[in-house]
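Hi,

Here is the structure I promised to pass on. Have a look at it first, and then read my notes below.

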Amino acid sequence: MRNRFTALIEKHDDWYIGYVEEIPGINTQGKTLAETRENLKEALKLIIETNRAIAEKGINSKNIIKENISVEV
């Protein structure tokens with residue numbers, strides 16, 4: 001599944017600081033824009049994978065309906 005998120009990147013001296021607008025806690029930095037973008041993608045992927053693993057662990061023994069949802073924003 002492919003999703004779209006909004007990366008916000010600020011220039012601070014010799015560094016770029018990036019974060020994802022829709023998901024708090026995803027922050028990174030890089031010496032170049034390209035490095036910062038790649039770091040954001042990696043951080044976002046890790047956060048989503050970790051959150052899914054935590055959720056799966058919590059629902060294994062429960063009667064849960066799991067389904068995909070879509071929204072237009």
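β1 and β2 pair in the antiparallel sense, with six bridges between them. One of the residue pairs here is E10 with I17, the latter being its bridge partner in β2. Please keep in mind as you read that this is a predicted model.

Also in this part of the model, K11 puts its charged end over the ring of Y16, at 4.5 Å from the ring centre. If you go looking for aromatic pairs, though, you'll come back with zero.

On to the other side of β2. β2 and β3 are antiparallel as well, paired over four bridges, and Y16 stands opposite G30 of β3. The two strands make a hairpin with six residues between them. In that turn, have a look at G25, which has a positive phi of about 95°.

Put together, that gives an open sheet of three strands in the order β1-β2-β3, with antiparallel pairing. β1 (7–12) and β3 are the edge strands: each has a single partner, so one side of each has no neighbour in the sheet. From one strand to the next, the twist averages 25°. Helix α1 lies across β1, β2 and β3, and its direction is at about 155° to β3.

Taking the buried pair to begin with:

- T28 sits in strand β3, which covers residues 27–30. Its relative accessibility is 17%, and it counts as buried because the cut-off is under 20%. Setting aside neighbours within four places in sequence, T28 is in contact with Y16, I17, G18, T36, N39 and L40.
- G30 is in strand β3 too, and it is buried, at a relative accessible area of 0%. With neighbours up to four places away in sequence left out, its contacts are W15, Y16, E35, T36 and N39. For a sense of scale, G30 and A55 are 25 residues apart along the chain, and their C-alpha atoms are separated by 31 Å.

Apart from residues up to four places away in sequence, N27 touches G18 and Y19. N39 is in contact with T28 and with G30; from N27, the C-alpha to C-alpha distance to N39 is 8.8 Å, and the two are twelve residues apart in sequence.

Last, a word on confidence. How high is the average pLDDT of the protein chain? The chain averages 91, and 99% of the residues score at least 70. Looking at helices and strands, confidence is highest in strand β2 (residues 15–20), at 98, and lowest in helix α1 (residues 33–59), where the mean is 92.

Cheers

Conventions:
Residues numbered from 1 in each chain as written. Predicted model: local features only at pLDDT ≥ 70, side-chain atom pairs only at ≥ 80, totals over all residues. Heavy atoms only, no water. Buried < 20%, exposed > 50% of the residue type's maximum accessible area, 1.4 Å probe, protein only. Contact = heavy atoms within 4.5 Å. pLDDT = per-residue confidence, 0-100. Pairing = 2+ DSSP bridges. Axes fitted to C-alpha atoms, helices over the stretch in contact; angles between N-to-C directions. Phe/Tyr/Trp six-rings, centres within 6.5 Å; stacked < 30°, edge-to-face > 60°. Lys NZ or Arg CZ within 6 Å of the ring centre and 35° of its normal.
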